[in-house]
Amino acid sequence: MEAKAKCRIGELRLEMRARLSPISPIVRLTLDFDFGEGTVVGVGEPIPKGPNPKIPVWARDDLKLRLMIPLNMKSPKFFGHNAFELRQSYEERLPILRCAIAHDGRKGVAVYTDRATMGLFDSQQNQMGIVLAYGGDFIYAPNEFALLVGNEKFEVGLYFFSGSIEDAIVVQRTEEFAQPIVVLPATPKSPFKGEEFSLVKIEPKSAAVISAVYPSDEGLVVRFWRPYEG
């Protein structure tokens, strides 16, 4: 099932497609922005006055292009997916690789992203989101200033779940969303040609995250890690 919408955010043209598959609980959103020949999105921290003003490292998160999700929860805890780690966030921002999570002990929601970005956690407004883009003054940009230009596509996933984060295999679904394991047909050079075999099975299924599966001269290599406590 797919739904489409077109709208504007200020001067930006946006086309959004939402897809729901019967074989996955993840609601997939495709966001297409048209930044035209150049668009400033957001405002950086105030630039100090003086002969040698220093461009700030961080820009204001509340004025970047963001996707924010209102939360129907009371006092949720926030988590962010880092490199081989699921970390609880006690601040309003946390760098994330794959997802941001809000959980109140009974139910939760995860926002999956197709790129490393910043998770935004607003307990005052009871909302959570991710940064999509920023264009303007930035210390690492060429000449410390960069516009957003042309068309840019963002793939985002929403996963609404009940129970614990581990039982809902929230982190495992980051791989399903961003880097699904694709089974390819055997080739003449494949060591498994003509054989029937199972790639991998983990029990219990919430025990670990599979991050890679590939054949080697000595057999099949499986790389996995455990993001949860215990």
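**Entry 1: salt bridges**

I looked up arginine 19 and found its side chain meeting that of glutamate 155 in a salt bridge, 3.6 Å from N to O. I count a salt bridge when a side-chain nitrogen of Lys or Arg is within 4 Å of a carboxyl oxygen of Asp or Glu. Arginine 19 lies in strand β2 and glutamate 155 in strand β14, so the pair ties together parts that are 136 residues apart in sequence. Strands (E, at least two residues) are DSSP runs, numbered from the N terminus.

Arginine 19 is partly exposed at 26% relative accessibility, and glutamate 155 is partly exposed at 23%. My classes are buried under 20% relative accessible area, exposed over 50%, and partly exposed in between, with a 1.4 Å probe and protein chains only.

I note that this is a predicted model: local features need pLDDT of at least 70, side-chain atom pairs count only at pLDDT 80 or more, and totals for chains, interfaces and linings use all residues. Residues are numbered from 1 along each chain as its sequence is written, and side-chain values use heavy atoms, with hydrogens and water left out.

The salt-bridge count comes to 11. Glutamate 15 bridges to lysine 6, with the closest N and O atoms 4.0 Å apart. Lysine 6 is exposed at 70%, while glutamate 15 is partly exposed at 26%. I also found glutamate 85 with arginine 87, at 3.0 Å from N to O. Shared partners join Lys6, Glu15, Arg17 and Asp32 into one network.

**Entry 2: nonpolar cores**

I next looked at the nonpolar cores, meaning sets of buried Ala, Val, Leu, Ile, Met, Phe, Trp, Tyr and Cys residues joined through side-chain atoms within 4.5 Å. The largest has 28 residues, and Phe33, Leu65, Val111, Met128 and Leu132 have the most contacts inside it. Strands supplying at least two residues each include β2 (12-20), β11 (127-133) and β14 (151-162). The largest share, 4 residues, comes from β11.

I checked leucine 132 for contacts (heavy atoms within 4.5 Å). Leaving aside neighbours within four places in sequence, leucine 132 touches Leu31, Phe33, Leu65, Arg66, Leu67 and Phe154. Another core, of 17 residues, lies apart from the largest one, and includes Ile101 and Trp225.

**Entry 3: open sheet**

I traced an open sheet of 4 strands in the order β4-β11-β10-β7, with antiparallel pairing. Two strands pair if DSSP finds at least two bridges between them. β4 and β7 stand at the edges with a single partner strand each, so one side of each has no neighbour in the sheet. β7 and β10 (residues 117-122) pair over 4 bridges, and proline 95 stands opposite methionine 118 in β10.
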